[in-house]
Amino acid sequence: MVNLKVNGRPYTLDVAENERLVDVIRYRLGFMGAKEGCGEGYCGLCIVLMNGRPVHSCLVPAWRADGAEIITVEGIGSESSLHPVQRAFVDEGAVQCGFCIPAAVLIGKWMLDKGLAKDRETIRWAYKGLLCRCGSYIRFEESVLRAARGD
Amino acid sequence: MDEETIRRFEEILKAREFYVVGKKVARVDALDAILGRPIYTSDLLSDRVLWVRAVRSPHPHALIRSIDSSATRAVRGVVDVITHREIPGVNDAGSLTSDRPLLAVDRVRHYGEAVALVVGEDEVAVDEGVAAFRVEYDPLPAVFDPVEALKPEAPKIQEEGNLINHVKIRKGNVEEGFASSDVVIRNEFRTPFMDGMPMEIEVAYAYLEPDGTLTCIASMQNPFDVYNKVVRILRLPPERVRVVQAATGGGFGPKSDESPIDVAAYAALAAYRNRRPVIATFTREEAMAVQTKRHSFRIVNETGATSDGRLLAWRSTLYLTNGPYYSKGHLVIQRATFHCTGPYEVPNVWADGYAVLTNNTLAGSTRGFGAPEAHFAAEVQMDILAKKLGMDPLELRLKNVLRPGSLTATSQRIDDNGLVMCVEAAARLSRWSERRQECERFNRLNGRYRRGIGIALLYHGNTLGPEGEDFAVVHLSVDQSGKVRLQTGLTEYGTGALTSLAILVAEVLGIDVRDVELLRPDTRAVRNSGPTVASRTTVIGGRAALDAARKLRSILDPLAAEALGCRTDELVYKDGKVMVAGDTTRSIAFRELVRRAIGMGLDLRVEGYYKAPETKWDRETGQGAPYNQYTFGALVSEVEVDTLTGMVRVLRMTAVYDVGKAINPLGLRAVIEGGSIMGMGHALFEEFVHVDGVPVTLGFQGYSIPASSEAPLEIVQQVVESEGKIGALGAKAMGEIPVVLPMASIANAVAHAIGYHIKETPLKPSRVLEALEELGIAYRP
């Protein structure tokens, strides 16, 4: 049995030994914001926040999340009250194909939460674990800076 | 439609001031994206869904002696095995040419070719089923090099031979041109296979509706290509098949090509046979093996010029290495050959472009479609010529660029001044001369790092031109609330082009872009709108959107005129209202107008259509006008070369493009930045390697794409507007274009840094280091 909180709501689940956190989040709990692009920890599309930190959820066995608090893109804002990073992504035109955007938004939120969103150099290193083939990296940086400024 | 409406509409088109067009408006689908709401195909996966996976050839060329599926059928969870014998219709999955079977019959022609499908309860079952499948092969002689493949003794990959297209350009008298030249240079350039690598892997979900319709939801660029093949492969009545494009996580060409047909047909076949929903997808490695790659090119350019830098003659020989099936290779060579001289006026041109089948994995449509490779070879050639003549590279270019009245390599007359505008803006914004001198001063210190600045220019024939029927259909409907719904067979997969269509509609109807809703492309709801390729959505689709909006206006105008007591030509649609020109006190809300129209029983569903003029050129001489209009651009790159490691870092780029008319500036900015970064990857490290036809760079560990840390710190950009002949409001194609120049521009910058032009991409550390050592400037600590 694994107890975990996802987006503020507690869940108790029976998980298999080889079950991955990404599959639990997506297919058992229905939070489809987390995507999968390689299953090997390279692309970062499956990034979620676990106890406040970004993790590649394809590399985390579900049992490791026992007692953890998980945040997915569905858990940080809504249409009527967007998270500042989400607002900034819209205003900066950071969305292209959209597939990596949930992970990109979560990395931005984490930087804001930790007070890391100071300069572009720091932000671009934070995004190193996420591949965006559309090449929106500079837009991500500008978005996080904009959110940090509170524009 | 009455003449009056059309006339007034033309006035709107010519209006200097737009209300929505050219303003920084957010993408209509951005809100969904940042909330994680779009439904991508794999989000449909559930416990009751069957999986399907292909048994694939490990050989680049072999006869199939026998297959044995008995062990597979015994695997727990395997429910079905499908070979070519089980295909109810035609075994044809070729996107344009019917040369590629969905499942091999008696012969495989490339590594990874599908031989059979295993259907099972979950991924583990199909993986085990595939592993248990026995195929006996008799390997055949194979050929991987295009020049080898053209020799008479080479193995014949298709019945008609290995040469699938020979594109010719014969302009002027090239021999005379060379004879009158003071300087003649000849260089060979090479570019490797590359992978478009959309982040979302190809995936399709198929199920049977209660009424027997087979519905397929998939990640793709061209729903109608997929639809037509599914109908043919399953031999179903066309009305019993429905294809819907799900949110699509990147296209870049491969998703317009062969692999989306494969996954859709796999899912459809398995769903139809087993009467259950099926998901078909690839592993990342499998996707990279089977999706169409950017073709490898070998280009020899020979150029003659006067001592003061006037181009007199240009001879190009281009070899495109295709996979064993056509895909789009015969068209890619055409675009590459037409653009072989770069954007310069050369009086005498002779070019031969050959597209050649080999037993490498599939290659086909990839963002840029042959233009990045042609421009790399042309623009590095121009730089080498400048060096030979002792001229500044910018000066040499300005002397020869296409200006109004110039004739291209195909003798097409250029009417607009877009290119000169781009070059001048790029030189100014990048502080070209100043920065060039600064780099040279820096390099005189002879330290570990060297810096360089380089430029490259482009022209890009717009939209399909000779590559296919260039038309689009856009459907609009309005409901009681005044919301406008836009639906088309053109698809969104990243560039924001459908937002451009929404912007155009909002402009004509005077409403907020947020009141235009995009509905998913659905073959049951829309007419075929041609493929979403060739950067044609804004240009061609935009014209269809304008036509649809105009048709709505022709329905609404008489009502509005009556309500406001004015003539229809006095109406102004703006800010969600319809007003009388010059008297803003008289107005009616757009929503109210729509309500009245619906109350009167008027049908507010319209269909807009546009078809570009057909383009003509002569196949024997290549002379004519293959494209309706051209996009122009200039890209300056500044690099730092680490002479210890051979690593190249792009410090800054200055990108200027003539977009004709900027309709969606936020979208343009993202596409220009993103395309520049993608192109930087092509320039510096992307290389898809086959060894004897077997890919060795599978997965992200084998094939790198740019990460955030590798992106240039700064991409300065500007757009200039020199109205295009056919595009919506004069817009020119931009989706693919930013990926065309980085290879050439960065290679020229590296050459400025190290004093030598490397003629093969990628400019990876080992290759740069080799050059540095040869030049004696590798750093020894």
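I began with a rule for strands: two strands pair if DSSP finds at least two bridges between them, and strands (E, at least two residues) and helices (H or I, at least four) are DSSP runs numbered from the N terminus.

**Ground rules.** I noted that this is a predicted model, in which local features need pLDDT of at least 70, side-chain atom pairs count only at pLDDT 80 or more, and totals for chains, interfaces and linings use all residues. Residues are numbered from 1 along each chain as its sequence is written, while chains are lettered from A and ligands numbered from 1 in the order in which they are written.

I looked up an open sheet of three strands in chain B, which has the order S20-S21-S22 and antiparallel pairing. Strand S20 (571-574) and strand S22 (583-589) of chain B each have a single partner strand and stand at the edges, so one side of each lacks a neighbour in the sheet. S20(B) is joined by four bridges to strand S21 (residues 577-580) of chain B, and the two run antiparallel. I then asked which residue of S21(B) is the bridge partner of B:Val572, and found B:Met579. Helix H17 (residues 590-599) of chain B packs on the sheet, touching S21 and S22 of chain B; two residues are in contact if their C-beta atoms, placed from the backbone, lie within 7 Å.

**Entry 2, strand S16.** In strand S16 (residues 449-461) of chain B, 12 of the 13 residues are buried, that is, 20 or more other C-beta atoms lie within 10 Å of their own. S16(B) pairs with strand S26 (residues 630-642) of chain B in the antiparallel sense over 13 bridges, and B:Tyr449 stands opposite B:Asp642 in S26(B).

Not counting residues up to four places away in sequence, B:Ala268 touches B:Ala206, B:Leu214, B:Cys216, B:Val230 and B:Leu234.

I found 40 residues of chain A in contact with 45 residues of chain B.

Methods:
Axes fitted to C-alpha atoms, helices over the stretch in contact; angles between N-to-C directions.
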